[in-house]
Amino acid sequence: MTIHRRTALVAVLALALTVPLVLVGWSFRSNASTSGTIKIGASIPLSGPLAGFGSFQKWGYQRAVKLVNANGGITADGAKKKVELILLDDKTDPNETAANTSTLITKNKVDALLGSCTPALVNAGGVIADRARVPLVTGCDPLEAFKSVKKWQYVWDIFFWEPDLAAAPFKAMKAWGVKTNKKVAIIADNGPDGIVVGGTLWPAFAKKFGYTVVSKASFPVLSVQFGSLIESAKSKGADILLVDAVTPPAVALTKQLQAANYHPKVIVIEKGAEPVQYAQAVGKLADGVLVGGYWDPSFPYPGAKQLKAQFEQQTHQTWSQHIADSTAAAQVLLDAFATAKSTDKGKVNAAIAKTNKTYVVGPVRFDANHTSKLPIVEDQWQGGKTAVVWPKKGATGKFLFPRP
Amino acid sequence: MDWPTGHAFATALVTGLLLGGLFTVTALGLSLVFGVMRLINLVHGELLVLGAFLAFELGKHGRLDPLVSLVVIVPAMFLLGYPIQRILLGPLMTKGAEAPLMTTFGLSIIAVNVFRLLFSADERSLNASYATASFSAAGIDVPAIYAISFAFALVLTTATHLFMQRTGYGREIRAASEDPEAAEVLGVNVARAYGLTYGIGSAFAAIGGVLVGLAFSFNPTTGATYLLTGFAVVVLGGLGSLKGTLIGGLLLGVAESVGAAFPQVGDGYRDFIGFAVFLVVLAVRPRGLFGRVG
């Protein structure tokens, strides 16, 4: 009886050890999905200060997936598969982005990911994806802010290069021959791109183009009171004000400039003045505000005009550049699945690396740093809409100077 | 250490004082509810944001000026707050402090999500000529909206004090605040007194929201910021003291603005300075600057 009990015990122990080993071995056999769909996950800001950006990304991602599914899906792993898009709200909080990305990978078992918006959020999710070796394609992350995090293996970025953005206002002023006192005041948030653009690039380009920085200050990303900073810039008599801020502080600053009776001849507000919500919030005060752009429906890229028309028809909102970079990011990822003919993450990643095609946002081809650069133009708010004012060739409006 | 110029210092002092009026208005409802009912109203920030959204919608669809729309918003918010207290919070108040507190926390989460559904998550702002206007006083450019907020702070604090001291309802509220059981025995309708308090607190929160929307901007999650500022003002001034809330708000505004005027500090450290002053005051005087509801 003792032998029988011992034998049973040994058998149970053997089984308890063997089954998990078999299952672990099975999971290592293939990196490919065994589900009947291709699962793409994305954690994006559907609430919080960047909800404006997130809503455009949601539209772009969903549109790309819908188009693919309308054509029957993608052939991968020997079968035609539909694409399933799983969106989570990161509430404009990088901690949430990281947590959501983990959830998408471990719980939802996504085959690949699409990125959030702005460096803090994109990078937070990207680090998780890279560690888990899950391909992630993103727009909405300026390239230096993206590259500064790490040497990426599985994360890919399609966006503009900060030095191009920082130089654009100076190039625009030179092209249009605007006359100012060449005094520049800089107010930038202390987020990753605010530090790069406001802290380093703008001062360097100001010097290069013969301007003098008379005032430079930074503030916490969501601060909404700028009394002292405005007073400082005003007292130094700066004709040019360069601001790097997200939308809530951009709105507050614009109003407070007016209340402080400070009217710089040129105002640039990067990031925060980009979405139409900014112009809706400040009304006529938006007129003349410059903001760097990387896409316009007038650009000669496939489907650009139609993308804008479709967005406005479906949402009854004014278009944003983010409908283009999000659509393109999703299309790059979906094309990679089609090229790889597999959901194996390594194969999909290799296919992304080989991307060389012009999408709605422009030509996409990744370099060794996993970045694909989009050229910059300078936009200006005019009558509730943005007009491209630089480069002059291809401009859709005249440079309003001085700011009305 | 670089000191601010005389002009910069004077500007910071004046604008800080007036901005403190805005802080006072945003905190007044919180102070009233805590002072009378000993309830930390965690949905206060969302009531503030609701006021801003109502003004936005009335402006968009009814073309009403934001301050004029208060004529509609104030009674509407009172009529919202009164039943919340009578029906939802009132029955829980006999079950300890935690139940109503957690209920207000739950309401705040529901409110944020309802705002997103009804109004979207987009950043909004209330527009009016006086929102961005300024006037000059002794060579200092004063934002008009800050002066308006200061005026509201004085008027609302004075009106509340007079209401508490000179009206029957005010006497009931004070009695309920001092000793609810004894007040009940003496014939005071404590439940009604609490309902009135919560309704008034909700209306005050909405006024604060309209001023915030005019001075800055708002979205469904903005309430949390002003709940935090409101706490600081209420605790700084002394829990349950209207006079303390007024002085606390002004002090916070001045501390932030004057601190930010120092070139090495700037607006980037406003919040840090404000809360540093808050901690220093509490360290010296743990009960805050003033006493209870008066």
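Hi everyone, let's start with burial: of the 404 residues in chain A, 56% are buried, where buried stands for 20 or more other C-beta atoms within 10 Å of a residue's own, exposed for 12 or fewer, and partly exposed for what lies in between, with C-beta atoms placed from the backbone. Please keep in mind that this is a predicted model, in which local features need pLDDT of at least 70, side-chain atom pairs count only at pLDDT 80 or more, and totals for chains, interfaces and linings use all residues. As for labels, residues are numbered from 1 along each chain as its sequence is written, while chains are lettered from A and ligands numbered from 1 in the order in which they are written.

How confident is the predictor in chain A? The mean pLDDT is 91, and 92% of the residues of chain A reach 70 or more; pLDDT is the predictor's confidence in each residue, from 0 to 100. One stretch to treat with care is residues 20-30 of chain A, where the pLDDT is below 50. Beyond near neighbours in sequence, that stretch has 1 contact in the model, a contact being two residues whose C-beta atoms, placed from the backbone, lie within 7 Å.

Now the overall picture. Chain A has 13 helices and 16 strands, taken as DSSP runs numbered from the N terminus (helices are H or I with at least four residues, strands are E with at least two). Along the principal axes, the C-alpha atoms of chain A fill a box of roughly 100 × 45 × 35 Å. Among the contacts in chain A with a separation of 6 or more, 69% come from residues 24 or more positions apart.

Let's look at the open sheet. In chain A, 7 strands line up in the order β2-β3-β1-β4-β5-β6-β14, with mixed pairing; strands pair if DSSP finds at least two bridges between them. At the edges sit β2 (74-76) and β14 (371-374) of chain A, each pairing on one side only. From one strand to the next, the twist averages 25°. Within this sheet, β1 (residues 37-44) and β3 (residues 79-89) of chain A pair in the parallel sense over 8 bridges, and I38(A) stands opposite V83(A) in β3(A). Helix α12 (residues 322-340) of chain A lies across β1, β2, β3, β4, β5 and β6 of chain A, at about 145° to β6(A). For such angles, axes are lines fitted to C-alpha atoms, for helices over the stretch in contact, and values run from 0 to 180 degrees between N-to-C directions.

Next comes β15 (residues 377-382) of chain A. Here 6 of the 6 residues are buried, so β15(A) is largely enclosed by the rest of the structure. V377(A), D379(A) and W381(A) point one way, while E378(A), Q380(A) and Q382(A) point the other way. On the pairing side, β11 (residues 290-293) of chain A joins β15(A) in the antiparallel sense over 4 bridges, with V377(A) as the bridge partner of G293(A). β16 (residues 385-390) of chain A is also antiparallel to β15(A), over 5 bridges, and there W390(A) is the bridge partner of E378(A). β15(A) and β16(A) make a hairpin with 2 residues between them, and G383(A) in the turn has a positive phi of about 60°.

Finally, the partner chain. How many residues does the contact take from each chain? Chain A gives 32 residues and chain B gives 31 residues. On the side of chain A that touches chain B, α2 (51-70), β8 (212-219), α8 (227-235), α9 (247-259) and α10 (276-282) of chain A each supply at least two residues, and α9(A) gives the most, with 7 residues.

α2(A) has 20 residues and reaches 28 Å from its first C-alpha to its last, close to the 28 Å expected, where the expected span is 1.5 Å times one less than the number of residues. Since 14 of its 20 residues are buried, α2(A) is largely enclosed by the rest of the structure. Just after α2(A), G72(A) takes a positive phi of about 100°.

α8(A) is mostly covered too, with 7 of its 9 residues buried. The cover over these buried residues includes β7, β8, β9 and α9 of chain A together with α1 and α10 of chain B. After α8(A) comes G237(A), with a positive phi near 70°.
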